[in-house]
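Hello,

I am passing a structure on to you, and I hope you enjoy exploring it. Please open it first, and then read on for what turned up.

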Amino acid sequence: SKAYKAYQDTAAQTLDLKAAGVETAAAFVFTLDGTFADCVKSLEALQALELDVMKAADARAQARGSQNTVFIVVSGIVGLILASILGWLIQRGITRALGNAVHGAQVIAEGNLRETVRAESGDETGQLLSAMGSMQTQLAQLIGQVRQSAESISTAASEIATGNGDLSARTEHQASALEQTT
């Protein structure tokens, strides 16, 4: 600072005068004391300024710390809300898919093979529903084949019964013709 430079210059002049044997060096000492006092005042002012700067920096750091705390708390709350919504959506999707699977199983268990079981997704539940739909289709085909076979058996049984009736009538006719010839 300027005050310290002035102090150094005055101290150097005083030492030079004393070394030269000048008796008036004592007068310069008083000047040196005044310059030293100015230097001390400047240092005290600098110290006060630095203290004010440190207090302001501390206040800003405290404010930032409070802001960061608020930001962290708000971020945590928002994250918790988002996680809750996501969990609810996942639970809802799983529950809906399992509900569809239960409905499909009930439809098949009731023997209703006309209402088709459809898979709406490609996940495991969708694969289960797809397999149930395939099972329902295969059951319908199997029942159709059994019905067709039963109708064929019924027709064959009816034809056999008719054939047996004809055979019985011819056998009786032959027996009565044989009796007349004897």
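What percentage of the 182 residues of the chain count as buried? The figure is 11%. Please keep in mind that this is a predicted model.

Let's start with the overall layout. The chain has 3 helices and 0 strands, so if you follow the elements from the N terminus on, you will read α-α-α. As for the surface, the chain exposes about 14,300 Å², and 62% of that area is supplied by carbon and sulfur atoms. Among the contacts in the chain with a separation of 6 or more, 51% join residues 24 or more positions apart.

Now for the inside. The largest nonpolar core is made of 5 residues: Ala101, Ile108, Val117, Leu129 and Met132. Two elements each give two or more residues to this core, namely helix H2 (25-109) and helix H3 (124-181). Once its neighbours within four places in sequence are left aside, alanine 101 is in contact with Leu128, Leu129 and Met132.

One more residue deserves a look: threonine 125, which lies in helix H3. Is threonine 125 buried or exposed? Threonine 125 counts as buried because its relative accessibility is 15%, and the cut-off for buried is under 20%. Not counting residues up to four places away in sequence, threonine 125 touches Ala97 and Leu98.

Best wishes

Key: Residues are numbered from 1 along each chain as its sequence is written. This is a predicted model: local features need pLDDT of at least 70, side-chain atom pairs count only at pLDDT 80 or more; totals for chains, interfaces and linings use all residues. Side-chain values use heavy atoms; hydrogens and water are left out. A nonpolar core is a set of buried Ala, Val, Leu, Ile, Met, Phe, Trp, Tyr and Cys residues joined through side-chain atoms within 4.5 Å. Buried means under 20% relative accessible area, exposed over 50%, partly exposed in between (1.4 Å probe, protein chains only). Helices (H or I, at least four residues) and strands (E, at least two) are DSSP runs, numbered from the N terminus. Contact means heavy atoms within 4.5 Å. Accessible areas come from the Shrake-Rupley method with a 1.4 Å probe; for residues, only the protein chains shown count as cover.
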